[in-house]
Amino acid sequence: MTRRTWLVLLVGVIVTAGAAVVFASRFGTDPTLAPSPLIGKPAPEGAIDLVESNEALSLADLRGSIVVVNFWAPWCIPCRAEHAVLVAAAETYGPAGVEVIGVVYQSDEPAVIEFLDEFGRAYPVGMDARSRLAIGFGVRGVPETFFVDRDGLVYGKVTGAVDTAIITATLDAMLLEQPG
């Protein structure tokens with residue numbers, strides 16, 4: 001081999017090793033988990049008006065449960081994709097003391113009911129009057145999902161649609177730390 005071939009081969013090895021280090025440093029962290037100043041702090045207080053009922057539901061009512069708070073809207077395309085994941089999580093983790101709640105963001109109730117008729121119901125969904133709960137959580141868009149532990153502290157946040165892997169990993173970790 002010529003000196004030039006060795007040099008090209010050496011540069012290739014260095015670039016490959018650098019890329020491997022970058023990829024390896026990302027393992028073990030989910031890129032969809034987002035930082036939030038709320039993590040480790042009490043979840044904002046607030047209530048939602050449940051759709052198709054005259055009842056209100058507050059996060060304080062759910063203290064002692066692990067709560068998945070999903071901010072969504074019927075006009076949101078990623079929300080449509082993640083709805084089945086949230087339904088499955090509610091059904092799978094409900095017996096373990098996990099509550100999933102849907103907080104509707106800037107939409108009207110008829111559109112929400114139409115969405116639920118099309119995609120199904122498995123957990124409480126409520127309207128967020130004047131987006132007060134969304135403001136408390138610092139929601140910047142939908143979908144955003146927060147995980148609240150049994151003590152009412154924010155455990156994690158996902159910006160964008162949740163998928164089965166992230167919701168399962170997060171809830172399994174929370175249940176391991178705080179068994180019911």
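Pro 74 sits in the loop that runs between strand E3 (66–72) and helix H2 (77–93); helices (H or I, at least four residues) and strands (E, at least two) are DSSP runs numbered from the N terminus. The model is a predicted one, in which local features need pLDDT of at least 70, side-chain atom pairs count only at pLDDT 80 or more, and totals for chains, interfaces and linings use all residues. Residues are numbered from 1 along each chain as its sequence is written, and side-chain values use heavy atoms, with hydrogens and water left out.

Pro 74 counts as buried because its relative accessibility is 6%; buried means under 20% relative accessible area, exposed over 50%, and partly exposed in between (1.4 Å probe, protein chains only). Apart from residues up to four places away in sequence, Pro 74 touches Arg 80, Val 104, Ser 107, Ala 111, Val 112 and Phe 115, where contact means heavy atoms within 4.5 Å. The C-alpha atoms of Pro 74 and Ser 107 are separated by 7.3 Å, although the two residues are 33 apart along the chain.

The structure holds one disulfide, a disulfide being a pair of cysteine sulfur atoms within 2.5 Å. Its partners are Cys 76 and Cys 79, with sulfur atoms 2.4 Å apart. The link of Cys 76 and Cys 79 is right-handed, with 80 degrees about the S-S bond. Cys 76 counts as buried at 3% relative accessibility, and Cys 79 counts as buried at 2%.

Pro 143 is found in the loop between helix H4 (132–137) and strand E6 (144–148), and it counts as buried because its relative accessibility is 4%.

Next comes the interior. A nonpolar core is a set of buried Ala, Val, Leu, Ile, Met, Phe, Trp, Tyr and Cys residues joined through side-chain atoms within 4.5 Å. The largest such core has 51 residues, of which Leu 59, Val 69, Phe 71, Ile 101, Phe 137, Ile 167 and Leu 171 touch the most other members. Helix H2 gives the most to this core, with seven residues. In soluble globular proteins, nonpolar side chains tend to be buried together. Among the contacts of Val 69, not counting residues up to four places away in sequence, are Leu 59, Ile 101, Val 103, Phe 137 and Phe 146.

How many aromatic pairs does a search of the whole structure find? There are five, counting rings of Phe, Tyr and Trp (its six-membered ring) with centres within 6.5 Å; planes under 30 degrees apart count as stacked, over 60 as edge-to-face and the rest as tilted. Phe 71 and Phe 146 form an edge-to-face pair, 6.0 Å centre to centre with 85 degrees between the planes. Phe 71 lies in strand E3 and Phe 146 in strand E6, so this pair ties together parts that are 75 residues apart in sequence. Phe 71 is buried, with a relative accessible area of 0%, and Phe 146 is buried with a relative accessible area of 0%.

Trp 72 and Phe 115 form a tilted pair, 4.6 Å centre to centre with 40 degrees between the planes. Because Trp 72 lies in strand E3 and Phe 115 in helix H3 (residues 109–119), the pair ties together parts that are 43 residues apart in sequence. Trp 72 counts as buried at 2% relative accessibility, as does Phe 115 at 3%. Finally, Phe 71, Phe 137 and Phe 146 form one aromatic cluster.
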